[in-house]
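Welcome, and thanks for taking a look at this one with us.

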Amino acid sequence: MTSSQVPGSSDGRRPLGNSIPGVYARLGVRPIINAGSWLTALGGSLMAPEVLRAMEEASTAFIDLRALQTAAGEVLARACGAEAGFVTGGAAASNVLMVAACMTGDNPSKIDQLPDSSGMKNEVVLFNGHENHYDSNYEVPGATIVRWGSSRPEHSGDFATDNIQAQLKQAFSDQTCAMAWVSAPFMRDPMPFKEAAAIARERAIPVIVDAAAEVPPAENLTRFINDGADMVGYSGGKGIGGPQGSGILVGREDLVLAAYENHLNSRGTRAGIGRSSKASKEDIVGLVTAIQIFTDADHEAVWAGWRAGAEHIVERLKGIDGLRIALEDGDPNRQGPQPVIYFESDWDGPNPGEVRAALLAGDPAIHVGEGGYGDEINIVMVNVQSGEERIIADRLEEILVKEN
Ligand SMILES: *Cc1c(COP(=O)(O)O)cnc(C)c1O
């Protein structure tokens with residue numbers, strides 16, 4: 001990464017701004033220090049100045065949107081090792097469009113007919129352990145979800161893995177339009193993705209993957225296509241650093257074209273099912289610019305920047321009786337290196353929920369992670385801007401030591 005790509009620091013973190021951006025001040029909305037990951041509710045991610053400049057430039061001319069999507073799709077497809085792609089209105093929109101494409105193909109009257117999916121294959125097969133609140137995306141175009149896996153899901157819970165392949169095969173029927181797979185932190189896979197994809201492909205069932213927040217690491221851009229996915233969706237506005245309202249859909253050319261028709265429905269008589277989450281020319285150009293910066297980045301330097309911030313916080317907070325603070329680095333469930341605060345049985349201070357509330361109530365407000373393995377507090381560094389690690393450490397010290 002060159003210094004021009006992420007001005008102000010070589011490690012990918014921006015210097016701390018010391019004033020409230022005017023646009024938020026005028027609206028009376030206060031900024032929040034984001035130590036909780038790429039959270040949509042906090043604004044996703046921050047775009048590099050190059051991305052913003054590209055979007056501004058894009059806004060100065062009219063273009064043929066389809067031609068722009070085709071050109072952008074080539075960039076995305078190359079980055080993901082796929083045949084084709086285009087920019088959607090977010091990974092949730094990619095989920096909707098992937099299912100729609102599997103139901104309609106490129107048949108204009110079927111595309112017109114959605115969300116009424118009668119007469120089409122309309123069952124999406126989904127592992128119970130992959131249940132999450134984006135499942136509803138699959139139902140938006142009119143599909144129903146057929147769940148499989150022999151225990152109710154808890155993100156950290158176990159599933160019976162005996163006869164796991166038979167369990168999957170039983171979920172398939174002549175109405176199956178797709179096998180959905182969700183890849184996300186704290187989700188248990190029933191078997192390696194590659195194995196599940198192979199079982200679906202034996203029956204010519206398309207495999208669709210929700211990998212919204214799985215990038216970085218950059219390898220995950222190509223991993224699912226390489227391992228047998230027919231289509232994959234990613235968020236543009238999480239780790240890739242594109243516009244918050246953008247997403248990627250890549251995969252097999254015929255299915256991607258079918259998804260695009262469901263996005264805008266150029267040949268039908270009605271707006272496509274995806275029309276409510278269209279991608280603008282600015283989003284398209286912004287995401288293409290962001291993914292180019294992302295794939296060229298020195299990911300080790302970025303990681304080292306996150307780690308340095310994490311080390312600062314761990315150093316400042318270690319040695320408090322009743323708390324164990326660890327620097328966890330390399331846990332695939334945790335995004336980047338993270339200071340994690342574990343509350344031991346002899347801790348007599350505020351409980352994790354009270355600490356989180358105090359952090360949010362402070363000035364500046366700080367939003368931290370909610371653990372994942374239990375009731376620990378984890379501090380996600382990926383959106384912590386340079387210098388903010390000191391504010392986080394100061395405030396935690398006040399809450400855990402001085403005010404306690
Ligand atoms: C964030 C997320 C989404 C939604 O992504 P958007 O880009 O915000 O639409 C979908 N699925 C999973 C697993 C996610 O983490």
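H3 and H11 pack at an angle of about 20 degrees, with their axes 10 Å apart. That angle makes H3 roughly parallel to H11. Please keep in mind as you read that this is a predicted model.

**H3 and its partners**

- The crossing of H3 and H11 is left-handed.
- On the H3 side, the contact is made by Leu65, Leu68, Gln69, Ala72, Val75, Leu76 and Ala79, and H11 brings Lys281, Ile284, Val285, Val288, Ile291, Gln292 and Thr295 to meet them.
- H3 passes H10 in a right-handed crossing.
- Leu65, Arg66 and Gln69 are the H3 residues that meet H10, where their partners are Tyr260, Glu261, His263 and Leu264.
- This contact of H3 with H10 divides into three nonpolar, two polar and two charged residues.

**H7 against H8**

- Helix H7 (residues 164-171) packs on helix H8 (residues 193-202) at an angle of about 40 degrees, and their axes are 11 Å apart.
- H7 and H8 are therefore oblique to each other.
- The crossing in which H7 passes H8 is right-handed.
- From H7, Gln165, Leu168 and Lys169 meet Glu195, Ala196 and Ile199 of H8.
- Three nonpolar, one polar and two charged residues make up the contact of H7 with H8.

- How does the length of H14 compare with what its 15 residues should span? At 1.5 Å a residue, helix H14 (residues 388-402) should span 21 Å, and its end C-alpha atoms are 20 Å apart, which agrees.
- Buried residues in H14 are Glu388, Glu389, Ile392, Ala393, Arg395, Leu396, Ile399 and Leu400.
- The cover over these buried H14 residues includes strands S1 (32-35), S9 (323-328), S10 (338-343) and S11 (365-368), along with helices H12 (299-317) and H13 (352-361).

**Backbone details to check**

- As a reminder, most residues other than glycine have a negative phi, and most peptide bonds are trans.
- Asn265 has a positive phi, near 50 degrees, and is a residue other than glycine.
- You will find Asn265 in the loop between helix H10 (253-264) and helix H11 (281-296).
- Is Asn265 buried or exposed? Asn265 is buried, with a relative accessible area of 6%.
- Leaving aside residues up to four places away in sequence, Asn265 touches Ile111, Asp112, Tyr260, Arg270, Ala271 and Gly272.
- Asn265 and Asp106 are 159 residues apart along the chain, and their C-alpha atoms are separated by 9.7 Å.
- Ser37 is not a glycine either, yet its phi is positive at about 100 degrees.
- Ser37 sits in the loop between S1 and helix H2 (49-58), and it is buried, with a relative accessible area of 8%.
- Val215 and Pro216 are joined by a cis peptide bond with omega about -5 degrees, and Pro216 is in the loop between strand S6 (207-210) and helix H9 (220-226).
- Another cis peptide bond joins Asp363 and Pro364, with omega about 0 degrees, and Pro364 lies in the loop between H13 and S11.

Methods
Residues numbered from 1 in each chain as written. Predicted model: local features only at pLDDT ≥ 70, side-chain atom pairs only at ≥ 80, totals over all residues. Heavy atoms only, no water. Helix = DSSP H or I, 4+ residues; strand = E, 2+ residues; numbered from the N terminus. Expected span 1.5 Å × (residues − 1). Buried < 20%, exposed > 50% of the residue type's maximum accessible area, 1.4 Å probe, protein only. Contact = heavy atoms within 4.5 Å. Axes fitted to C-alpha atoms, helices over the stretch in contact; angles between N-to-C directions. Parallel < 35°, antiparallel > 145°, perpendicular 65-115°, else oblique. Left-handed = near helix turned anticlockwise from the far one by under 90°. Nonpolar A, V, L, I, M, F, W, Y, C, P; charged D, E, K, R; others polar.
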